[in-house]
Amino acid sequence: MRILHTMLRVGDLQRSIDFYTKVLGMHLLRQSDNPEYQYTLAFLGYGSNPEHAELELTYNYGVEKYELGTAYGHIAIAVPDVHAACESVKTRGGLVTREAGPVKGGKTIIAFVQDPDGYKIELIQRTSEVRL
């Protein structure tokens, strides 16, 4: 077994696609519209299934905002240099909510950014990863 994708509901599909592609460097892998059931799906990632997990963005017609709730935590993305990734996110118009630094009680370097709908994304330093 393995994780195939994670789904997030978004209030403005193009705004979210722009964030994940232009700010975090993902690729739009495929998109499908279903007018009969009033939703559109967009799948993004750094690669596609089966080699990579994907991010599914779901836009339900007419819904501009969702309550995030208290159960959701974050998505984690490995980057080779968290400090550089934060600067890249800021330069591309993204919001860094926790600057790069060691995780509390540990040595791993992390940071947090936020997407346009308020979802948190943790950047974790892994020197073997590809740059944003």
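Predicted model: local features only at pLDDT ≥ 70, side-chain atom pairs only at ≥ 80, totals over all residues.
**Extent and composition**

The UniProt record, an unreviewed entry, lists residues 2-126 for "domain: VOC". Over residues 2-126, the chain is 17% helix and 42% strand.

An open sheet is built from four strands, arranged in the order β5-β8-β7-β6, with mixed pairing. Its edges are β5 (75-79) and β6 (95-102), each of which pairs on one side only. On average, and with direction ignored, neighbouring strands of this sheet are turned by 20° against each other.

Strand β7 (residues 109-114) and strand β8 (residues 120-125) run antiparallel and are joined by five bridges. Across this pair, Q114 stands opposite K120 in β8.

Helix α2 (residues 82-91) lies across β5, β6, β7 and β8. The helix runs at about 170° to β6.

**Helix α1**

Helix α1 spans residues 13-23. Where does a side-chain oxygen of D12 reach at the start of α1? That oxygen comes to within 3.3 Å of the backbone nitrogen of Q14. After the helix comes G25, whose phi is positive, near 75°.

The buried residues of α1 are L13, S16, I17, F19, Y20 and V23. Two of these, L13 and I17, are also touched by A42, a residue of strand β3 (residues 39-45).

An α-helix has 3.6 residues a turn, so residues three or four places apart point the same way. K22 is exposed because its relative accessible area of 54% is over the 50% limit. D18, at 26% relative accessibility, counts as partly exposed.

A42 is placed in strand β3, while T58 lies in strand β4 (residues 54-60). The two residues are 16 positions apart in sequence, and their C-alpha atoms are 6.6 Å apart in space.

Are A42 and T58 buried or exposed? A42 counts as buried because its relative accessibility is 0%, under the 20% limit. T58 has 7% relative accessibility and therefore counts as buried as well.

Leaving aside residues up to four places away in sequence, A42 touches L13, I17, L28, R30, Q31, L55, E56 and L57. With the same exclusion, T58 touches M7, L8, R9, V10, T40 and L41.

**Salt bridges**

How many salt bridges does a search of the whole structure find? The search finds five, and the table gives some of them.

| Pair | N to O distance | Relative accessible area |
|---|---|---|
| R30 and E54 | 2.8 Å | R30 38%, E54 5% |
| K90 and E87 | 3.5 Å | K90 35%, E87 44% |

In the salt bridge of R30 with E54, the closest N and O atoms are 2.8 Å apart. This pair links distant parts of the chain, with R30 in strand β2 (residues 27-34) and E54 in strand β4, 24 residues apart. E54 is buried, with a relative accessible area of 5%, whereas R30 at 38% counts as partly exposed. R30 is also among the residues touched by A42.

The side chains of K90 and E87 meet in a salt bridge at 3.5 Å, N to O. These two residues are three places apart in helix α2, so about one helical turn separates them. K90 is partly exposed at 35% relative accessible area, and E87 is partly exposed at 44%. The pair belongs to a network of salt bridges that links E87, K90 and E99.

Terms used:
Residues numbered from 1 in each chain as written. Heavy atoms only, no water. Pairing = 2+ DSSP bridges. Axes fitted to C-alpha atoms, helices over the stretch in contact; angles between N-to-C directions. Contact = heavy atoms within 4.5 Å. Buried < 20%, exposed > 50% of the residue type's maximum accessible area, 1.4 Å probe, protein only. Polar contact = N/O pair within 3.5 Å; in protein donor to acceptor, adjacent residues only side chain to side chain. UniProt positions renumbered as here; feature names shortened; annotations may be inferred. Salt bridge = Lys/Arg side-chain N within 4 Å of Asp/Glu carboxyl O.
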